[in-house]
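Please read this report with the sequence and the 3D structure open beside it.

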Amino acid sequence: MADTATDELKTLEVQAMEELKACADEATLRAWNTKYFGDKGLIKAALGKLGTIAKDQRAAYGQEANRVKVALTAAYDTALAEAKETALQASLTANPLDVSLPGRGRPRGRLHPATQILRQIYTIFADLGFQVYRTREVETDELNFEFLNMPAHHPARDMWDTFFTTTPGVVLRTHTSPGQIHVMREAAGKPIRVILPGMCYRNEAISTRSEIQFYQVEGLVIGEGVTMADLKGTITAFARRMFGPERQVRIRSSYFPFTEPSIEVDIDWPADDPNRDRLTKGTGWLEILGAGMVHPNVLRAGGYDPDKVTGFAFGMGPQRMLMLKHAIDDIRLFWQNDLRFLRQF
Ligand code: PHE
């Protein structure tokens with residue numbers, strides 16, 4: 001009985017090996033595997049017979065069954081690996097990979113022109129020792145106007161067409177100047193030398209010259225003995241780095257409620273630029289920013305003592321500067337997302 005059973009194992013092995021050799025591909029190999037090693041497979045059945053074998057033969061039968069199982073498993077693994085390799089080679093020969101095809105390029109993005117000019121401005125002012133300080137775009141009426149020396153009903157408020165929110169006393173900032181108050185309160189009496197870049201909003205009819213949102217870069221310097229000469233020197237250094245080392249700077253008297261005295265700064269426009277007459281309306285001079293010495297009331301609102309310190313502030317429109325540099329004649333192009341425009345920068 002035991003001998004017969006062991007013989008049966010041998011026969012099974014021979015039969016399985018022959019069938020394995022006849023398998024032509026992965027699919028037939030897998031079918032073979034199910035036939036012998038599946039849940040209802042022949043090997044499982046042979047192992048299951050163990051209990052019916054006479055006790056003294058059981059160990060020998062078990063050993064033999066195990067040997068057959070191991071041998072068949074190894075043969076199957078080898079055959080399967082070979083079949084996969086053969087299939088791969090066949091597919092590589094049948095559909096050769098054309099490595100000479102050009103790769104698929106990834107389109108490279110670029111920085112928005114407004115971001116580019118902002119970064120240029122940061123670099124210039126960083127070289128002059130200015131830190132960048134960011135403040136909020138939604139402001140209280142107090143910060144946007146009142147602490148900047150414009151109490152309610154002050155006629156100077158007409159200079160800024162404001163967006164009001166549904167919360168009383170909360171507006172979209174019309175300029176970066178409220179940032180002056182934020183910096184002063186945080187610096188708490190220490191000297192200040194910062195620029196405050198950011199988006200501003202005005203409730204204007206949109207045209208080639210005005211948008212409802214635009215960038216500004218504010219500058220603020222406070223300390224003992226800061227004078228108009230420092231303001232002039234800073235602006236001149238900036239203008240020459242931005243617009244060319246030959247630039248001349250002209251200062252005109254002006255008015256802002258939060259500076260006293262207030263000025264507007266012009267630069268001379270290169271004589272060889274064909275756009276010169278159009279840009280400067282024939283004068284040769286172009287306004288680039290507003291500025292002045294910080295008003296004592298503003299210093300006080302920021303917690304500084306106007307008897308001890310003085311300061312200057314300026315505000316410029318970086319998009320306007322970009323328009324000047326590249327003769328862009330429509331400010332609306334900035335936020336229209338037209339790639340034909342953006343790709344030029
Ligand atoms: N805030 C002013 C404006 O938006 C510009 C400015 C800033 C003027 C700082 C003087 C000093 O028009």
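## Contacts with the ligand

In the side chain of Ser177, an N or O atom is 2.9 Å from a nitrogen atom of the ligand. This model is predicted, and every value in the report is computed from it. His175 also has a polar side-chain atom that lies 2.9 Å from a nitrogen atom of the ligand. With Trp160 the ligand atom is an oxygen, and the distance to an N or O atom of the Trp160 side chain is 3.4 Å. The table puts these contacts together.

| Residue | Ligand atom | Distance |
|---|---|---|
| Ser177 | nitrogen | 2.9 Å |
| His175 | nitrogen | 2.9 Å |
| Trp160 | oxygen | 3.4 Å |

How many residues surround the ligand? There are 14, and the closest are His175, Ser177, Arg202, Gln216 and Glu218.

Strands of a sheet are held in pairs by backbone hydrogen bonds, and a pair may be parallel or antiparallel.

On one side, β6 and β10 are antiparallel and pair over 7 bridges. Two of the residue pairs here are Ile222 with Gly311 of β10, and Leu220 with Ala313 of β10. Leu289 has Met316 of β10 as its bridge partner.

Is β10 enclosed or open? β10 is largely enclosed by the rest of the structure, because 5 of its 7 residues are buried.

A residue of another strand in this sheet, Asp266, lies in β8. Its relative accessible area is 2%, and a residue under 20% counts as buried, so Asp266 is buried. The side chain of Asp266 makes a polar contact of 2.7 Å with the side chain of Arg252.

## The sheet of 3 strands

Another open sheet has 3 strands in the order β2-β4-β3, and its pairing is antiparallel. The edge strands are β2, residues 138-140, and β3, residues 163-164, and each pairs on one side only. β3 pairs with β4, residues 170-172, in the antiparallel sense over 2 bridges. Phe163 has Leu172 of β4 as its bridge partner.

## The two largest pockets

Empty space around the atoms can be found by rolling over them a probe the size of a water molecule. The largest pocket holds about 1400 Å³ of space. Its lining has 46 residues, and those nearest the centre are Arg202, Arg209, Glu287, Gly317 and Arg320. Among the elements that give two or more residues to this lining are β6 (213-223), β8 (259-268), β10 (310-316) and α11 (318-326). β9 gives the largest share, 8 residues. By type, the lining of the largest pocket has 21 nonpolar, 14 polar and 11 charged residues.

The second largest pocket holds about 160 Å³ of space. Its lining includes Gln131, Tyr133, Glu186, Pro191 and Arg193. Two or more lining residues come from each of β1 (131-132), α7 (178-187) and β5 (192-201). By type, the lining of the second largest pocket has 7 nonpolar, 1 polar and 2 charged residues.

## Helix α7 and the residue after it

α7, one of the elements that line the second largest pocket, is mostly covered, with 7 of its 10 residues buried. These buried residues are Pro178, Gly179, Gln180, Ile181, Val183, Met184 and Ala187. Of these, Val183 and Ala187 also line the second largest pocket. Just after α7 comes Ala188, which takes a positive phi of about 45°.

## A residue of helix α1

Where does Thr4 lie? Thr4 lies in helix α1, which covers residues 2-22. Thr4 has a relative accessibility of 45% and therefore counts as partly exposed. Thr4 and Glu146 are 142 residues apart along the chain, and 108 Å separates their C-alpha atoms.

Note on methods: Residues numbered from 1 in each chain as written. Predicted model: local features only at pLDDT ≥ 70, side-chain atom pairs only at ≥ 80, totals over all residues. Heavy atoms only, no water. 1 Å grid on protein atoms, 1.4 Å probe; cavity = no way out; pocket = protein on both sides within 12 Å on 5 of 7 lines; lining within 4 Å. Points joined across faces, edges and corners; volume = space filled by probe spheres on them. Helix = DSSP H or I, 4+ residues; strand = E, 2+ residues; numbered from the N terminus. Nonpolar A, V, L, I, M, F, W, Y, C, P; charged D, E, K, R; others polar. Pairing = 2+ DSSP bridges. Buried < 20%, exposed > 50% of the residue type's maximum accessible area, 1.4 Å probe, protein only. Near = heavy atom within 4 Å. Polar contact = N/O pair within 3.5 Å; in protein donor to acceptor, adjacent residues only side chain to side chain.
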